[in-house]
Amino acid sequence: MRKISLLLICLTISCSLSAQKRKKLNKTLDEVIIQVSKKPLTHDVYDSWKEIPDRYISNDGNTVVYPVNPQEGDGQVIFHSLKSGKIDSVQRGTDIRLTDDSEYAIFKIKPQSNLVKSMRRLKKKKDEMPKDSLGIYGLKTNLISKIPNVLSYKIPEKIGGWLAYQIEETKKNKIKDSLLKSEPKKKVGKKESDDNGFRLVLKNLKTNIDQIFSFVTEYEFSKNANKFIFSTTGNDSTMLSGVYAYDLQKGKLENIFQSKGKFKKLSLSEDGQKIAFIADLDTNAKTQIRSPKLYYWKSGEASAKLIADEKQAFAPIGWYVSDNYQPRFSKDGTKLFFGTNPKPIVADTTLLPEEIVNVEVWNWQDKKLQTQQKVSLEDDKKRAYLSVVNLDNLKIIQLGFLEIPTVILDKEANFDVVLATSDIPYSNQHWDWSNKNDVYLVNLQDGSRKQIAMALQGNPILSPNAQYVTWWSAPDTAWFAYSIKTEKTTKLTNNKVVKYYDEEDDHPDLPSSYGSAGWVDDLKDPMFVVYDRYDAWAIDLKNNVPMLITGGREKKVQYRYVNLDADNKLILGKNALWKLVYEKDKSEGYAIPVSPLSKPKEIYKVDFTLSNPIKAKNADNLIFTKQNFQTFPDLFASDMTFQNITKISEANPQQKEYAWGTVELVDYKAFDGTPLQGLLYKPENFDATKKYPMMVYFYEKNSDNLHTHYTPSPIRSYINYPYFTSNGYVVFVPDIVYKAGEPGKSAYNCIIAGTKEIIAKGFINPERVGISGHSWGGYQTAYLVTQTNMFRAAEAGAPVSNMTSAYGGIRWESGNSRQSQYERGQTRIGGTLWEKFDKYVDNSPLFQVPKIKTPLLIMHNDDDGAVPWQQGIEFYSALKRLNKPVWLLNYNGEKHGLIQRKNRKDFAKRLYQYFDHYLKDAPAPAWMTDGLPMMEKGINQKLEVGK
């Protein structure tokens with residue numbers, strides 16, 4: 001009533017004001033009216049809420065291109081000129097790339113989603129369904145051309161002016177445009193298909209001249225666009241089956257290999273002067289064991305030549321060239337890397353199904369559990385072991401072997417050494433997730449190898465110029481460096497001045513490092529940069545002296561380096577940028593150093609979460625996002641000074657129509673006196689004199705997410721904060737710290753203490769408090785309701801209820817044993833079941849079910865690969881037997897969190913109905929009062945509210 005009276009008074013006053021003052025007052029009135037008329041969020045708003053999944057800036061820094069997509073339905077691609085401010089758009093644009101010369105944006109245009117759904121309802125065949133189109137948008141002309149029925153497209157990486165794409169005919173839309181005038185006549189009876197290939201168009205974007213090639217199966221540009229290569233199954237005598245190279249500068253087509261067969265994994269050297277590919281020349285499709293061959297061609301040769309197959313002696317006897325590995329040239333073009341593999345194991349095709357015995361033999365000496373082998377089976381079938389061809393003499397060196405399977409190539413692969421690792425000696429330790437590896441240096445000239453680390457728990461990194469190998473060693477909680485020249489290993493850090501390991505890690509396990517930024521130099525003055533909790537330290541490898549190059553610890557500000565140039569091997573060069581995170585208030589900013597090793601100077605700071613900027617390759621312009629709870633992460637443009645910032649997107653203007661809410665950081669103490677933080681979300685127009693219902697949600701620590709924005713969306717597993725605040729709830733999200741062996745008590749110590757402190761503030765109805773958690777949070781929710789009756793209702797998603805039965809099980813998604821998770825992982829028990837049996841029992845909610853008085857909703861799906869869904873069933877069965885109110889939602893075929901959108905929508909409705917019933921006295925829906933009989937599953941959802 002007061003708001004309406006205020007409006008009437010303001011309207012009366014505005015009549016007596018000048019035009020300018022009246023305009024200003026009217027704007028204020030509009031804002032007041034919006035505030036008065038704001039709506040609560042409902043489930044109907046999800047589909048229209050938009051996101052910006054990708055963003056691009058042209059190399060000249062003049063144009064920003066980004067898609068804006070609704071959660072469901074058709075989106076658009078936006079073109080924003082930073083010079084003129086002009087904005088243009090194309091509907092349904094996706095798969096966007098910008099040409100290197102900043103002239104064009106190339107992208108696919110999807111068919112209308114409603115049209116596709118309609119055709120699917122009509123049971124249309126694949127060739128009758130609408131196809132993608134290709135959009136070519138001139139960034140300077142703002143003109144667009146569209147090409148129908150496009151399967152794929154590619155552009156060169158380093159030079160503009162060229163585009164290649166494949167097209168296919170449909171029954172309704174035979175392609176009749178001018179592109180086909182020069183195409184040779186098709187061979188009678190041959191049809192385009194995945195095996196036969198499709199029509200390919202090579203377009204010169206500068207002249208708009210096209211070259212058309214038929215039945216193309218694969219195609220590639222060289223990085224600098226000197227060469228374009230493709231493989232074809234051929235059409236008639238005008239183009240035979242084989243591999244062709246087209247010189248883009250001379251306009252000359254050259255057949256570099258002609259034969260019937262299949263050609264794949266086409267590869268070019270960076271300068272386009274060398275080509276490699278895999279050929280399968282056996283035309284008998286029934287041959288089970290194929291014989292892929294590696295062919296190589298260089299400029300000036302008449303035809304590609306065979307350089308590797310199963311008959312060569314470079315690999316172990318019986319090994320084949322892999323057709324699953326993409327051959328790769330080193331950047332300087334002196335080496336060619338390719339894959340090999342042992343002879344494939346094939347089945348006896350003469351056996352009938354009833355004659356095949358399918359049995360798993362779990363042998364105690366197996367290197368990996370059968371479940372791990374099953375999960376990795378398809379990858380193992382395609383596993384390739386690296387080999388290298390030294391192209392000056394075509395000598396082949398086998399680098400990877402069964403006992404040392406992993407060879408790590410750096411970005412350029414120019415040097416004569418590579419790293420290789422092997423976890424084979426430790427892979428039988430299924431109870432240990434620490435991922436130990438032996439590390440080797442392998443010489444590419446002769447294949448010799450030297451072991452430089454054993455049982456390493458960390459990732460080895462080869463320096464940019466192959467002078468050093470660095471790694472973090474978890475058992476030593478230290479950084480190490482190995483000099484390839486001197487063959488000496490040096491310990492770089494000692495944790496005496498600062499700790500380089502995670503100070504806050506409370507797992508009963510070895511802590512991880514804070515990471516590294518990279519190399520300032522590894523030649524003349526070798527210097528490697530590592531992080532502590534707040535700062536960066538440049539370590540002089542000649543003198544082994546760490547030098548502080550930032551200054552965050554005193555004020556608790558975290559400095560992290562932002563790499564603005566992906567092509568630069570070294571850091572702290574031109575356009576160096578640091579991102580800052582202020583631990584106390586969670587604000588963020590950017591800083592730049594005056595000189596490479598000088599302390600960075602803060603140039604921008606806001607109470608938002610900032611993204612790592614994306615910089616234009618040839619200009620100082622960059623784009624970034626900033627977000628907080630009330631602000632969607634829209635795009636902003638700036639130069640390197642961050643003095644002139646322009647907002648360039650507005651993805652969700654409709655948000656101002658809805659009541660949203662606020663969030664604040666709260667400090668509190670656990671029952672044991674540990675200082676903690678939490679997030680308190682409040683409804684819009686919060687009134688401290690009222691009594692609000694409150695939801696408690698948690699997962700480890702969340703206070704760092706103070707400035708995170710959450711769009712209204714159907715939930716995968718966790719609650720949607722703005723939905724609750726928009727509908728009149730307060731939401732509390734406490735941080736949790738743990739003590740080994742006491743995960744349940746630790747949760748009680750932190751969560752209940754924080755919840756009581758919030759209730760004590762006076763604006764929460766203590767009889768209307770709910771709690772929700774998923775996975776690890778689901779377990780703790782299940783545990784807490786056995787310890788307290790303070791919650792009116794609870795929801796536990798995918799909870800472990802019985803640690804004794806869960807301990808020896810399998811995480812089916814990975815095939816791993818669950819034992820490590822309980823001993824040293826997130827569960828934090830700190831020992832085996834037989835060592836600490838009482839801890840497993842004491843922390844298991846199942847054994848304390850009789851104490852539960854809180855209604856409980858469980859969501860646990862039958863294809864959960866992280867927490868066995870039997871855990872949810874055990875808990876449900878016990879509660880049901882004791883006649884306690886409990887519901888279990890099982891979305892058939894779903895995993896740990898909901899993926900399918902229809903199920904996410906359904907769960908959101910049920911979850912909010914459940915809590916609205918208990919915390920706001922809303923009528924219970926039919927699924928809660930009457931259940932959902934199996935006979936009605938998939939037919940009736942029982943979401944209607946009973947009378």
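Two strands count as paired if DSSP finds at least two bridges between them. With that in hand, I'll start with a sheet. This is a predicted model, by the way.

The sheet is open and has four strands, in the order β30-β31-β32-β33, with antiparallel pairing. Take β30 and β31, the latter covering residues 468-473: they run antiparallel and are joined by two bridges.

Next, a helix pair. Helix α7 spans residues 743-759 and helix α8 spans residues 776-784; their axes come within 10 Å and cross at roughly 80°. Angles of 65 to 115 degrees count as roughly perpendicular, and α7 and α8 are therefore roughly perpendicular to each other. On the α7 side, the contact is made by Pro743, Gly744, Lys745, Ala747, Tyr748, Ile751 and Ile752. From α8 come Trp776, Tyr779, Gln780, Tyr783 and Leu784. By class, the residues of this contact are nine nonpolar, two polar and one charged.

Last, the second largest pocket. It holds about 1000 Å³ of space. Its lining has 26 residues, and those nearest its centre are Leu889, Asn890, Arg910, Leu932 and Lys937. Which elements supply at least two residues each of that lining? Strand β56, residues 886-889, and helix α13, residues 901-920, do. Of the two, α13 gives the most to the lining, with six residues. The lining divides into twelve nonpolar, seven polar and seven charged residues.

Terms used. Residues are numbered from 1 along each chain as its sequence is written. This is a predicted model: local features need pLDDT of at least 70, side-chain atom pairs count only at pLDDT 80 or more; totals for chains, interfaces and linings use all residues. Side-chain values use heavy atoms; hydrogens and water are left out. Axes are lines fitted to C-alpha atoms, for helices over the stretch in contact, and angles run from 0 to 180 degrees between N-to-C directions. Angles under 35 degrees count as roughly parallel, over 145 as roughly antiparallel, 65 to 115 as roughly perpendicular and the rest as oblique. Contact means heavy atoms within 4.5 Å. Ala, Val, Leu, Ile, Met, Phe, Trp, Tyr, Cys and Pro count as nonpolar, Asp, Glu, Lys and Arg as charged, and the others, Gly among them, as polar. On a 1 Å grid over the protein atoms alone, a cavity is a set of points where a 1.4 Å probe fits but cannot get out, and a pocket is an open set with protein on both sides within 12 Å along at least five of seven lines; lining residues have an atom within 4 Å of a point. Grid points are joined across faces, edges and corners, and a volume is the space filled by probe spheres set on the points.
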